[in-house]
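Student: I would like to take a close look at one pair of packed helices in this protein chain. Could you please describe how the two are arranged and what joins them?

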Amino acid sequence: MARQDQDPRAGADSARRRVLRLAGLSAAPDPGMDRFARLVARLLHVPVALVSLAEDGRQILPGMLGLPEPWAGRRALPLSHALCRHVVATERPLIVSDARADERLRTSPAFRELGVVSYGGMPLTDGDGLLLGALCAIGHAPRSWDPAELADLEDLAAACSAELRQRILSAQLRSAQKVLETARRRRAGPRRGGEPETRGADRP
């Protein structure tokens, strides 16, 4: 009998793992995701920008600009250092002018080790609305975020989500095509004597 008290977070984590695998993303540089990080840094004039995706108790960073080592080389952050986890947990944007004064965030080691002070994070979702992570803009000093800047970040997050959805859909289509090809081969079956099938051959 199926368990009725299964933690819904476990189901979401499993779904995210499957989706990230389809999108071909891991704790490694991805040219397309790095491009989104560069756009965030350029448009919002921030020193750090991340495409941060939730995966098995950590945040992977296929898109990244400006993080110090060793995190830049690892392309991943533990949840203790990842403010983006709050976006995943609440499924809402997180906008912080000074994280040191925010009761939710001020004990995070992200301040000491990453220099995070101001933060803007917008949700990234797949086609079914599953929260995959966040597109993040990070500053090393307090900042009052301008509404136009946040609108730009939201638009970039929408474009990044669209890129993720396109990758997922392409992978699903390739998988479906392989299933169809396998089914066709099985229906055709082996030819007797290795001879090709002839149809409509002329009768003597």
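Tutor: We begin with the whole chain. Among contacts (heavy atoms within 4.5 Å) between residues at least 6 apart in sequence, 62% join residues at least 24 apart. The chain has 6 helices and 6 strands; helices are DSSP runs of H or I with at least four residues, strands are runs of E with at least two, and both are numbered from the N terminus.

This is a predicted model, in which local features need pLDDT of at least 70 and side-chain atom pairs count only at pLDDT 80 or more, while totals for chains, interfaces and linings use all residues. Residues are numbered from 1 along each chain as its sequence is written, and side-chain values use heavy atoms, with hydrogens and water left out. The predictor's confidence in each residue, pLDDT, runs from 0 to 100; its mean is highest in helix H2 (residues 31-44), at 97.

Helix H2 packs with helix H6 (residues 147-188): their axes, lines fitted to C-alpha atoms over the stretch in contact, come within 10 Å and cross at roughly 175 degrees. Angles run from 0 to 180 degrees between N-to-C directions, and those over 145 count as roughly antiparallel, so H2 is roughly antiparallel to H6. On the H2 side, the contact is made by Gly32, Met33, Phe36, Leu39, Val40, Leu43 and Leu44. Residues of H6 that take part include Leu153, Leu156, Cys160 and Arg167. In total, the residues of this contact divide into 11 nonpolar, 1 polar and 4 charged. Here Ala, Val, Leu, Ile, Met, Phe, Trp, Tyr, Cys and Pro count as nonpolar, Asp, Glu, Lys and Arg as charged, and the others, Gly among them, as polar.

Note on methods:
Angles under 35 degrees count as roughly parallel, over 145 as roughly antiparallel, 65 to 115 as roughly perpendicular and the rest as oblique.
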